[in-house]
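The following exercises concern the structure shown below. Each consists of a task and a solution worked in steps.

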Amino acid sequence: MEVKLAQFGMGMQDGTVRHWFKAEGESIKRDEPLLEVEAAKTVVTIPAPCDGRLAKILVQVDENVPTQTVLAVLEPAGDNTAIEPSGSIGAQPSTAAPPERSAAPPHTAQLQVQVEPRARKLAQTLKVDLATVSGTGPNGRILEEDVHRAAVAPNLARYEDAPHSSTRRTIARRLTTSIQEIPHFYVAAQCEVDALLQARAHLNERGTAISLNDLIVRAAALALAATPDANVGWTDQSLRRYRSVDLGIAIATPHGVVAPVVRDADTKPLTTLAAELRDLSARARDARLQV
């Protein structure tokens, strides 16, 4: 008997397994708690639909799956079926001796690292050995992005990914909907930056060409370095936390607005940063930026 992820409410598209009350091979009674699933900011306990034994767990803790996914397979009480290695249910003779139980803990099989199908295919294409890839998905599951990072060594040190929870996905989806459908208004404020302008004038008197924009970029870089939770990006799979502060600078050109990136902006001296910004602006207007 298959246990599927049902749709608990309107708009529910997926859910994340948070806890299994039973391990593979354990018996369970009808209506006894089987597992907990988090979906749309709600944690729901799914009960067993019948008396029997938990034959196979197909979705591990912290794994996010769409609705109607088969979460587990139950062997009803009195049923002489057993789970074959492929995961299908095959009939076994009623006279067969009961399978010998392993001395290993019931959850040992859950500790094996899983590989996302798309990640496995990409690894074959890029010729990446999956044994050398560190998975960032639930329970160390290897995702497509992990294979990309393994294939491009410089990216390994630039960021780390934190997989989304079901709650975070729901919040993001609803905020996106609200900003698309609900009218917004924005508040502008004026700031007194007399001290900043005086500091700029003092620097320029010493022969250093510093613009107000240079100072703002420098301030933004230092703010991101001091607030790592703001130095992040969003992907479909995870929240990406960057280890370096890289700023995109919007520049209007005759060909349109472009945004070249200043790498490690928080570690560069103000004079170096200003010189790099001038160079990027000149190359952007002359269409000489390199990808």
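**Exercise 1.** In this predicted model, determine which backbone atom lies 3.0 Å from a polar atom of the side chain of W20, and describe the surroundings of W20.

*Solution.* 
Step 1. The backbone atom is the oxygen of V59, at 3.0 Å from a polar side-chain atom of W20. A polar contact requires N or O atoms within 3.5 Å, and the separation of 3.0 Å applies to this pair.
Step 2. W20 belongs to strand β2, which spans residues 14–20.
Step 3. Leaving aside residues up to four places away in sequence, W20 touches L34, L35, L54, I57, V59, Q60, V61, L71 and A72.
Step 4. One of these partners, Q60, is 40 residues from W20 in sequence, while their C-alpha atoms are 8.5 Å apart.
Step 5. The relative accessibility of W20 is 9%; because buried means under 20%, W20 counts as buried.

**Exercise 2.** Characterise the second largest pocket by volume, lining and residue class.

*Solution.* 
Step 1. The second largest pocket holds about 290 Å³ of space.
Step 2. Its lining comprises 17 residues, of which N64, E116, L143, R169 and Q237 are the closest to the centre.
Step 3. At least two lining residues come from each of β2, β7 and α1 (117–126); β7 gives the most, with three.
Step 4. Sorted by class, the lining contains six nonpolar, four polar and seven charged residues.

**Exercise 3.** Identify where the confidence of the prediction is lowest and where it is highest.

*Solution.* 
Step 1. The mean pLDDT of the protein is 79, with 82% of its residues at 70 or more.
Step 2. Strand β10 (residues 89–91) has the lowest confidence, a mean of 34, and helix α5 (residues 212–226) the highest, at 94.
Step 3. Over residues 81–112 pLDDT stays under 50, and the model has 23 contacts beyond four places in sequence for them.

Terms used
Residues are numbered from 1 along each chain as its sequence is written. This is a predicted model: local features need pLDDT of at least 70, side-chain atom pairs count only at pLDDT 80 or more; totals for chains, interfaces and linings use all residues. Side-chain values use heavy atoms; hydrogens and water are left out. pLDDT is the predictor's confidence in each residue, from 0 to 100. Helices (H or I, at least four residues) and strands (E, at least two) are DSSP runs, numbered from the N terminus. Contact means heavy atoms within 4.5 Å. Buried means under 20% relative accessible area, exposed over 50%, partly exposed in between (1.4 Å probe, protein chains only). A polar contact is a pair of N or O atoms within 3.5 Å; within protein, one must be able to donate a hydrogen and the other to accept it, and residues adjacent in sequence count only if both atoms are side-chain atoms. On a 1 Å grid over the protein atoms alone, a cavity is a set of points where a 1.4 Å probe fits but cannot get out, and a pocket is an open set with protein on both sides within 12 Å along at least five of seven lines; lining residues have an atom within 4 Å of a point. Grid points are joined across faces, edges and corners, and a volume is the space filled by probe spheres set on the points. Ala, Val, Leu, Ile, Met, Phe, Trp, Tyr, Cys and Pro count as nonpolar, Asp, Glu, Lys and Arg as charged, and the others, Gly among them, as polar.
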